[in-house]
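I set out to record what I looked up in this model.

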Amino acid sequence: MADDAQMQRYFENRERLIEGGAYDPASERDACGVGLVCAIDGQPRREVVELAIKALKALWHRGAVDADGKTGDGAGILVSVPQDFFADQVRRTGHTLRKGPIAVGQIFLPRVDLGAQELCRTIVESEVLRFGFYIYGWRQVPVDTSIVGEKANATRPEIEQIMLAPPAGMDGEALERSLFLCRKRIEKRVHSANINGFYICSLSAKSLIYKGMFLAEHIDEFYPDLRDERFSAAVAIFHQRYSTNTFPEWRLAQPFRMIAHNGEINTLKGNSNWMKSHEIRMAAQAFGDFGEDVKPVIQPGGSDSAALDNTFEVLVRAGRDAPMVKTLLMPEAWAHSDAVTNPQHQALYAYCNAVMEPWDGPAAICATDGRWVVAGKDRNGLRPLRVSYTDDGLIIMGSEAGMTGVAEARITRKKHISPGRMLAIDLAEGKLYEEGEIIDLLSERHPYTRWLGNMVALDEEIGPGSEPRMYSREELVRRQVAAGLTLEDLELVLAPMIEEGKEAVGSMGDDAPLAVLSEKYRPLSHFFRQNFSQVTNPPIDPLRETRVMSLKTRFKNLGNILAQDETQTDVYVLESPVLTNGMYKRIVEYIGPKNVAVIDCTMPLPAPEARHGDALRAALERIRAEAEDAALRGCATIVLSDEGAGPNRLAAPMILATGGVHAHLVQKGLRSYVSLIVRSAECLDTHYYAVLIGVGATAVNAYLAQESAQDRMERSLTGELALRELLLNHKGAIEAGLLKILSKMGISVISSYRGGYNFEAVGLSRAMAQEFFPGMPSRISGIGLAGLEQKAVEMHRKAWGEAAVALPVGGFYKARRTGEAHAFEARLIHTLQHACDTGSYDSYKRYSEGMKGLGPIQLRELLDWRPDRAAAPLDEVESINEIRKRFVTPGMSLGALGPEAHGTLNIAMNRIGAKSVSGEGGEDRARYKPLPNGDNPNSAIKQVASGRFGVTAEYLNKCVELEIKVAQGAKPGEGGQLPGFKVTEMIARLRHATPGVMLISPPPHHDIYSIEDLAQLIYDLKQINPDAKVTVKLVSMTGIGAIAAGVAKAKADNILISGHQGGTGASPQTSIKYAGAPWELGLSEAHQVLVLNGLRHFVRLRADGGMRTGRDIVVAAMLGAEEFGIGTASLIAMGCIMVRQCHSNTCPVGVCTQDESLRKKFTGSPEKVINLFSFIAEEVREILASLGFRSLQEVVGRTDLLQQVSRGGEHLDDLDLNPLLVMADPGPNKPYCTVEGRNPVPDTLDAQIVRDAAALLERGEKMQLTYTVRNTARAIGARVSSHIVRKFGMDGLPPGHLTVQLKGSAGQSLGAFAVQGLRIELTGESNDYVGKGLSGATLVVKPSPTLSFPEHNAIIGNTCLYGATSGKLFAAGGAGERFAVRNSGAIAVVEGVGANGCEYMTGGQVVILGEVGENFGAGMTGGMAFVYDPNERFELYLNDDSVVIQRLASAHWEGVLHGLVSEHAEETQSRFAKELLRDWDRVRGHFWQVCPKEMIKRLAHPLVDQEVKETA
Amino acid sequence: MAERMLKFVTVERSTPEKRAADARTGDFHEIYADFIDAKAKEQAARCSQCGIPFCQTHCPLHNNIPDWLKMTAEGRLQEAYELSQATSALPEVCGRICPQDRLCEGSCTIEQSGHGTVTIGSVERYINDKAWEEGWVKPLRPLSEKAQSVAIVGSGPAGLAAADGLRARGYQVTIYDRHDRAGGLLIYGIPGFKLEKDVVERRVKRLADGGVEFKLGFEVGKDASLDDLRAKHDAVFICTGVYKARELTAPGAGSKGVVKALDYLIASNRTGLGDTVPEFESGELNAAGKDVVVIGGGDTAMDCVRTAVRQGANSVTCLYRRDKANMPGSMREVSNAEEEGVTFEWLAAPRSLLGDAEGVTGVRALRMRLGSPDASGRQAPEEVPHSDFDMPAQLVIKALGFDPEDIPGAFGAAELKVSRWGTIRADFRTMMTSLDGVFAGGDIVRGASLVVWAIRDGRDAVEAITAYLEAKAPALAAAE
């Protein structure tokens, strides 16, 4: 039984990794395709089920398949219970049918353990009987096990149905509620009986769920029931899952009881924690005696989607209907939205905000509560949801258009759901509510506007006002010293915040020791690393998409989330949780000191003989007890303050106090009764604020930071700024920083972030973290209460013990003698440069020895070899040459680096057969040809980053590897911007932009919001380049193993794990310092989880981040890396001396600057770089020889060759690197990549096109081809474009030389990267990403002739023309969200767009002949747009931060517009366009011209004609 | 606010005005004018605020140079001063006489990349002079007095730095020096055109006002033995410097008119301070009207040649056996000397001194060339055969370096261990000599070195002696 052994090994490995702390199943992610079919009249139809099954079969590409080709990640379908079918079943068993509907339970039972199975049945029966049901009997659900994979079969449960008759007279909602409670009780009892493998898919008289771990296309083969003609339904919700793990757990398939969800809940941790507080009051009120049974609402061990479903269900069963629950959990962004204009809608959303923290993250959900069917989106609209209405009353919605294959002629309407909105169908009434109508209905149900009268906008009450000064200069300095502040903190961090309202920016990587390894005092915040999004969910752009973001903070007792009355709104609301000293004072006054409990978070100095940590523990226990007491007393506001610190009192770490109180109150069920204001002396930068809020603070007052700011003002250091401006600047900078920290993990609302522990600890004692920050990962343990107390005492002595105190200078950001250690120090840099300049290996060895002598800075320095054999002769070890091939210089763009430095790296790496990464920003065409001396200056690896600058079909074909940069070590989860002064002529040319105009890289890839999107991008790239391997660059974090597994399943060839040490040309200092984890942690986790899932040998692992010696390379190899990126050291070889002013364009050695005169100072050469890599390789050889190995491959993943040799400083509780060293058994597979070439992806229609277009591709003949298509045919045009660009170049063929006519619904990425010469004409519709990276082709999409008013219908999906550089797109219908994002040259005409149209556009022209969604033109710095706006609504939706709008006022530009509309009319035969042209004189006045502000002065043709201006 | 620093891309390096050679050689005043405020600010703003401050790394005191440059650029002079003095007991002295071109400025990142160094020394001098002018330099006032006392033997930079730190901590400090003025080489060795004497005197005065007792004209070994000092004080810090001149071994070296550099410089400095020095009056140590040859290539040699110029020498020639690139002295001083009319004979070594016992008349020298590098990478000079040449000289000054005197002998302390070069052996970490409670630092431990190193040793001695004294009297320390 091979599969049994395999499963056995899987379980053993899994257990070992979990035990070793290397893997947490909670980190697994999933995503998918989703949809529903519904008969609006509520009458069951067989076709509903049939279409849903068909759709599911057309979504296979959104799921993933295990290596066995049969085990899927899960698929399922929820249908209305087919009463007729079950009535027949009941009759067949000899029962008489009772009155009332038949309730059916679809139940997974343990299959192998028959005893457990029987026990489960007994529990189920006894509970349903207890609830008064009559049991018709059990039915074994027929299944065809032959079509499931081995793994899925091994975990397959026994699948049975129990059929019940309800107690007399019970029906409708009451019945469903009773079944819900019954199910909850069953689950509880089974759980307490310790039985695994039991799961109730559904227990309802309305909904029935069939799901499992088969491929979606096999669902009706596995469950023959679904083919039964009696299986008819009013609604069918379906789901295809894509999971990051490969372990087939049947219960994790979707749909869940009420919803099917595509996306990810980024706020899950915060939401789950808050539910623990809410559920206490809620359960008692809604479920009375059964209150205990429904708790915990969120079942442990489920996915984020399951948790959402749990919450959704409980809210429904507590009496809210599905549309209201959707609104509560996923409200539209309303606070800053100009589009939500209806005051009643505003009031409804404000009420929701007062009641509940939103569940935030990309989401398309399809849900039903039995009566209502809803389908809606998250506030950002990050998942697609296409809708079709048929002429016979069906509605079909889902992730893709054309899934069901319904004849075009039947479809009367097609649309997109807007961000934050939903469609709802009341099956009982047979009525459909459109997006606006359903909100109307909800907002009219209660007098929300009146209720809101209770809500106090606190800002108006407490600010602005006086700001007291608290301390004398001397006392201030002492307090600063006690709080660990340094001159550097004040000068480098605080000064820019108060003077400019901005966070400090820095460059290069973080080379200071991890906080846990430092010998210096480090605030507790330094042990917290910010979470961030990568791959499975997108970060948000907090600058350009501000309207979805909110820092609104509720105060006071939060009440019962179920209360539907005005008491619910009896709260204070602050615009942000950042309080000035004066605001704090006034809040306390306003609330009334009686209602405020101020808890002193200081403690007496511990007695010298006392055990370390006891005093701190006692203090924390006192603080928690006082907080509990205050809450019980009815104090709705608790203040935690360390202000009482002084000569005789020591401050407790406020993060610990806050976390302790929050966790304690949550546990006691008291947290939602109170608000926590934290006053902390240490708190200075945004990261500290974020940590305090993340561990539970409601609001934060950094009183000492403010005192320091006021002190600066009094010392005349802040120029002309008034106190108010100063404090507003500070508050503004912190708020912007908080938004950035939230947004980098895709959270838009602070209430959902609060208390969510969205961090991972590196170096905190596991026990302490568990106690004070429950649920926050802390893999390697570290400092505990004893160590924290000692450090605090030490600082206290320094501050209060000496006669005179001066602030230490610091040294954390920039090296200082008395400050923190830094991995690269002056003498070693010179030694290394000397070695590279002269080729002296001896000098290199001195450098390498010197590095070793620095003391531990990174985790790897606590490890040493543990040889298992005798040394080998050095000459038997593989050559330098072989080893060097594994080296990479990581992505440093031409733009960050000067062209000389960039070219030098390329030439050096090409000479030695290694690889350089281009970085983001294109490559000069001139580099595609070798230099006269034979050197190849072309980067072997081309980066595809979120800006898609210069990413053309040609660029993508001129390389051996494509790297998708999902995140960057120095600033994971953030975008970037290249300021105008760095955009030289050359940079502008390469990036298809205008010189001098700012360029923005968005935080996410707008075509990767989810793991299946990444799979799609990989697919697209493998189409446009048929040879190149695809690499996905990730940043180390806990949970990266699951992500890496997902990426491997997406057919990536290489996975790069970047450490947080990675460099940057410019990033906020707090991002460089506090986001991302060491690569040691991420690499080992990725390696082990890939091994666990049997995926390791399909992908190559690469690591980078601060690697600088041969020792680092070998350690990385043992932790699982096969290839190695060396960035900073390679810059040093070229002359970099770590001035760390890359962001200032003043690099004195000309490495990292565009300044002509500074570039002349560049002294690097390929030889120097080659010397570096040769030295490192030679050192690797020496180490391998000493360990007895002959090649690097042999040690990959051999963590058993490593041992921990130091446990860090004496003050630490423990520092346990075992999680890095635990090893999964790969079984018969290799622990390294064994794939020759690349992982193949299935062919698309292009395979046929390429065959059919042989005449063109071989002889350049003009051709025309015709096909019909379905949504499964993706990336049409990409492969043939690759052939064209390789044979004829980017502009070798005239436009339209090859015409491909298509009919039907095209799959995603139609015309991706398509080049000039290709012309695609589609009749029908297309899915997301039409014209992604368009590189010159013409795309025409026209509707089927049967569709009336196509201009009001959707025709193409989301994120079309993303990163397009040239070409044309004409679509006679509406586009989805984010149309023409980062377009830098394509021309397009469409008849409507969704939200975020033309975002970040830098070139090209876009004409929109219809409505636009919100946030149009955000961050648009180039190109031109025209919008037809007959209803005068455009201005509401415009983001005018970077653009101006005007009416047509220039003959030139009107001519351009008219020409484009004419071309559109001609290409698409759009009736609408033709009408506009006919009526031009009348309609021209309804056009807006949208022009980027920065472009106005650079336009060849002014926006306003001179004579027009004069006459006007 | 716009970036205030990193101005090296637009602002050229400039140093404070240097007086023209012919204007300055007539007196012994410093040759650099003060920075005017705006200039100091502008020049300080050229600093690149490096991630790795090579200037600090290569400063023996590890001064927080980028920080006080930033403060200066922002006009926060008092803060700049406070930062500067926090790591140096004599910052205005360092600003004047440190060979910055070999230390901080020589390692300055923008210097290395060819932009011209930030003028660190001038800024240091500027902010600290400013501090004296503005009265920011606080009197030395210990928070509380401690009973323990420390003897410091030698009042040079090491001694002054140690006294400053120890006194600030409340220890009773007595400085013993055999000369009649405190300051050691700062007062008598270094000519006024590099370091005007009132700069040293005000530092000495501040110490004296702060309660440091000076016993001048006090020779340990004669006026008291080391044991006496040990009995009287809880700790002793020996920082006597190295004064024994290396001898010239060429024939005729004993002739009249062949003098030791230090004798020559002390005479000149004393004269400048208003003393009557017979050897100067007699013309024995006065270069006026003479052809002067100075042998050696270090900073002392430079001091001698430039002093000779100022005394009105007929000609001044410096003889050095290696070339310009390989000389130990500061390049800045060489160019100052060149400007002032000194002739340099590189790659030349004295073979014999001409004239007779009663009076030297010239120097016969040999040409040298640089041979293959030795282990330290330095090329050893070797003679070029038959390359003799003569030059006239009525005064020949030997500036060949200094060796330690016989301290154990002089102090009557045979148990005091010395190295084979005669320097006192002190523990690398604790700075303690072979005698309990006796510490040593500065040139007498290192051999002839820079003032800044002596200051460093003085500061380190403060930590070492404090640790020692606290351990010795824990009860006392705890009571405080």
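**Conventions.** I worked from a predicted model, in which local features need pLDDT of at least 70, side-chain atom pairs count only at pLDDT 80 or more, and totals for chains, interfaces and linings use all residues. Residues are numbered from 1 along each chain as its sequence is written, chains are lettered from A and ligands numbered from 1 in the order in which they are written, and side-chain values use heavy atoms, with hydrogens and water left out.

**Entry 1: sheet 3-2-1-4-16, chain B.** I took helices (H or I, at least four residues) and strands (E, at least two) as DSSP runs, numbered from the N terminus. Strands count as paired if DSSP finds at least two bridges between them. Here I found five strands in an open sheet, in the order 3-2-1-4-16, with parallel pairing. Strand 3 (213-216) and strand 16 (438-440) of chain B are the edges, each pairing on one side only. From one strand to the next the twist averages 20°; axes are lines fitted to C-alpha atoms, for helices over the stretch in contact, and angles run from 0 to 180 degrees between N-to-C directions. Strands 1 and 2 of chain B share five bridges, and B:Val150 stands opposite B:Val173. I noted helix 10 (residues 157-168) of chain B lying across strands 1, 2, 3 and 4, at about 165° to strand 2; contact means heavy atoms within 4.5 Å.

**Entry 2: sheet 6-14-7-8-9, chain B.** This open sheet of five strands also has parallel pairing. Its edge strands are strand 6 (258-260) and strand 9 (343-345) of chain B. The twist averages 25° from one strand to the next. In strand 8 of chain B, B:Thr317 is the bridge partner of B:Val293.

**Entry 3: helix 16, chain A.** I checked the length: at 1.5 Å a residue (times one less than the number of residues), the 14 residues 487-500 should span 20 Å, and the end C-alpha atoms are 18 Å apart, which agrees. A kink of about 45° lies at A:Leu494, shortly before A:Pro496; the bend is the angle between axes fitted to the seven residues ending there and the seven starting there. Of the 14 residues, 13 are buried (under 20% relative accessible area, 1.4 Å probe, protein chains only).

**Entry 4: A:Asp1216.** Is A:Asp1216 buried or exposed? At 15% relative accessibility, A:Asp1216 counts as buried. Its side chain makes a polar contact with that of A:Arg766 at 2.8 Å (N or O atoms within 3.5 Å, one able to donate a hydrogen and the other to accept it).

Note on methods. Buried means under 20% relative accessible area, exposed over 50%, partly exposed in between (1.4 Å probe, protein chains only).
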